[in-house]
Amino acid sequence: MNRLFGKIKKYQFMFEELVNRDFKEKYKRSILGMGWSVLSPLLTLLVMKVIFSTFFGKDIPHYTIYLFSGNIVLSYYRESTRNGMNSLVDNAGIFTKINVPKYMFVLSKNVSALVNFALTLAVYFVFCAFDGIRFNFRMLLLVYPIACLLLMNIGIGMVLSALYVFFRDIRYLYDVLLTLVNYMSAVFYTVDKFPAQYRRLFLLNPVYVYIKYFRVIVIEHKIPSLAYHGLCALYAMLFLALGMVIYKKYNHQFLYYL
Amino acid sequence: MAVISCDHVSIRYLTGDFKAIGLKEYVIRKLTGKYHIKEFWADKDVTFTLEKRDMLGLIGSNGAGKSTLLKAVTGIMIPTYGTLHTNGSIAALLELTSGFDGNMTVRENAYLRGALLGYTRRFMDEKYEEIIRFAELEEFQDYEFKQLSSGMKSRLAFSIACLVNPDILILDEVLSVGDGAFRKKSGDKMKEILDGGVTCILVSHIIPQVRELCNKVLWLDHGRQVAFTDDVQTCCDAYEEFLITKKLPKDETQISRMAEDYIRRQARENGQGGGKAIYE
């Protein structure tokens, strides 16, 4: 434990500077700066609302919030893992010359994605208020799926960044996978139309699992079961462990490929 | 206690056509048997130790394994065989200007580099002015890094690495930084740092520099250790003779013979070149 704290202290300044750099890079080129990260999901929401309301809106209560829940979780996942994927290749000039822990780069990219997510989450709650959803203490539980999602994103970012070092077309393959996740996450439709045995298959998609947690808390005013909490944690730990194993194993081999 | 002890270190390096290929290409090459990874020994059985205040000159032609050895010392690579121990904090400057971000300002880059080298924020706050002054970049602090000339970039990198007090300092070709005036200044700074008790490894193709600064020298050729000695002048003489004749010495007696050959050659050439050298 002491060693861990020592490490955190040692690399704190480096981490801050990396986060600082990622932020500047991200917001430098856009005139709207951070405003864009709020506006962009709102525009997506608007488009989806216009298109899908007539098909699904009648059967699903609080359809706007239903859509919005799916959107913010999915776009956080997408941004975070995509940025994570680039983190090693982008910083090759640094870690092939200076001995620094490589996971720092994934972590710092995740911080900027998380801050972005926090901004959209604020807008999300404003929309909840407009939609007549009453706030209660149960909503504090949303910290749990967010924490799980963060850990999972870090893990997946690590896995992808390692793969991207070895195979440069992973970027395109992952985009295909993201499209699949996009349609399999029940962002704009409901899984209730599917027979019960198929409905469970959706739980194989971790993004859907986290989206559903949001909807159960915010729209249905219920608390998911203990087993469901376990499932959330399982996905987070699984991907995080996978990422750590890969980094440990290939730590000294990345530089041959860069 | 030795600051760096490198004991029979061998480092295997992988190369081949696996760089920057895609998954599809990887599968195709695997199937058609065209996927080749070549292994070679970048360093083979290298042994040396450095004490506090030692300044090691690392010499050898291109591909001798100098940079790979330095990467092992800094911990970026690990030795395939042998052991390498270091005591103390390391500031390594391998290829000075890489790792800077062109879109960030000089100030931001200075802080980022400082952070990457393991300094604290408070330390950077204290030293920042001094770094900029030494690099002579006072008027460029808020310029984007990409707007600087390459000489300015190297000056900044050198200043950040040198105005701190690492226990071990690794300099890869960095003393050839900047124009004549800055080169003199950086040379002086180096001597000052060495007086402060740092242990240093210097890679240089400028042999007079090695003669002047170093008290030990390690000569590598194609990964093999030709010599490790504290008789810097003799070894440098032999190395300069090697650069002319391209014949490697096999043992110490051959090294001293080559050194003598070199001195004789120098005397001969100076004799031919007129009286200038006599006055120096």
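## A covered strand in chain B

Strand 3 of chain B is mostly covered, with five of its five residues buried. A residue is called buried if 20 or more other C-beta atoms lie within 10 Å of its own, exposed if 12 or fewer do, and partly exposed in between, with C-beta atoms placed from the backbone. Helices (H or I, at least four residues) and strands (E, at least two) are DSSP runs numbered from the N terminus. The model is predicted, so local features need pLDDT of at least 70 and side-chain atom pairs count only at pLDDT 80 or more, while totals for chains, interfaces and linings use all residues. Residues are numbered from 1 along each chain as its sequence is written, and chains are lettered from A and ligands numbered from 1 in the order in which they are written.

Burial extends to both faces of strand 3 of chain B: Met55(B), Gly57(B) and Ile59(B) lie on one side, Leu56(B) and Leu58(B) on the other, and all are buried. The strand pairs in the parallel sense with strand 7 (residues 199-203) of chain B over four bridges, where two strands pair if DSSP finds at least two bridges between them. In this pairing, Leu56(B) stands opposite Ile201(B). Strand 3 of chain B also pairs with strand 8 of chain B, again in the parallel sense and over four bridges, and here Gly57(B) stands opposite Val217(B).

Helix 5 of chain B (residues 150-162) has 13 residues and reaches 18 Å from its first C-alpha to its last, close to the 18 Å expected at 1.5 Å a residue. The expected span is 1.5 Å times one less than the number of residues in the helix. Eleven of the 13 residues of helix 5 of chain B are buried; among them are Met152(B), Lys153(B), Arg155(B), Phe158(B) and Cys162(B).

Thr68(B) is placed in helix 2 (residues 66-74) of chain B. Thr68(B) counts as buried because it has 22 C-beta neighbours inside 10 Å. Leaving aside residues up to four places away in sequence, Thr68(B) touches Ile11(B), Tyr13(B), Ala42(B), Asp43(B) and Met77(B); two residues are in contact if their C-beta atoms, placed from the backbone, lie within 7 Å. The C-alpha atoms of Thr68(B) and Pro79(B), which are eleven residues apart along the chain, are separated by 9.6 Å.

## Domains of chain B

Chain B has ten helices and nine strands. Its C-alpha atoms fill a box of roughly 60 × 55 × 40 Å along the principal axes. Of its 280 residues, 41% are buried, and residues 24 or more positions apart account for 71% of the contacts in chain B with a separation of 6 or more.

The domain assignment of chain B gives domain 1 (4-228) and domain 2 (231-280); such bounds come from an automatic or database domain assignment. The centres of the two domains, taken over C-alpha atoms, are separated by 29 Å. Their contact takes 13 residues from domain 1 of chain B and nine residues from domain 2 of chain B. On the side of domain 1 that touches domain 2, strand 3 (55-59), helix 7 (207-213), strand 8 (216-221) and strand 9 (224-229) of chain B each supply at least two residues. Strand 8 of chain B gives the most to this side, with four residues. By class, this side of domain 1 of chain B has eight nonpolar, two polar and three charged residues. In this scheme, Ala, Val, Leu, Ile, Met, Phe, Trp, Tyr, Cys and Pro count as nonpolar, Asp, Glu, Lys and Arg as charged, and the others, Gly among them, as polar.

## Overall form of chain A

Chain A has ten helices and zero strands. Its C-alpha trace spans about 60 × 45 × 40 Å along the principal axes. Of the 258 residues of chain A, 36% count as buried. Residues 24 or more positions apart account for 82% of the contacts in chain A with a separation of 6 or more.

## Contact between the chains

The contact takes 23 residues from chain A and 29 residues from chain B. On the chain A side, helix 1 (2-28), helix 4 (92-95) and helix 7 (170-184) each supply at least two residues. Helix 1 of chain A gives the most, with seven residues. The side of chain A that touches chain B divides into eleven nonpolar, four polar and eight charged residues.
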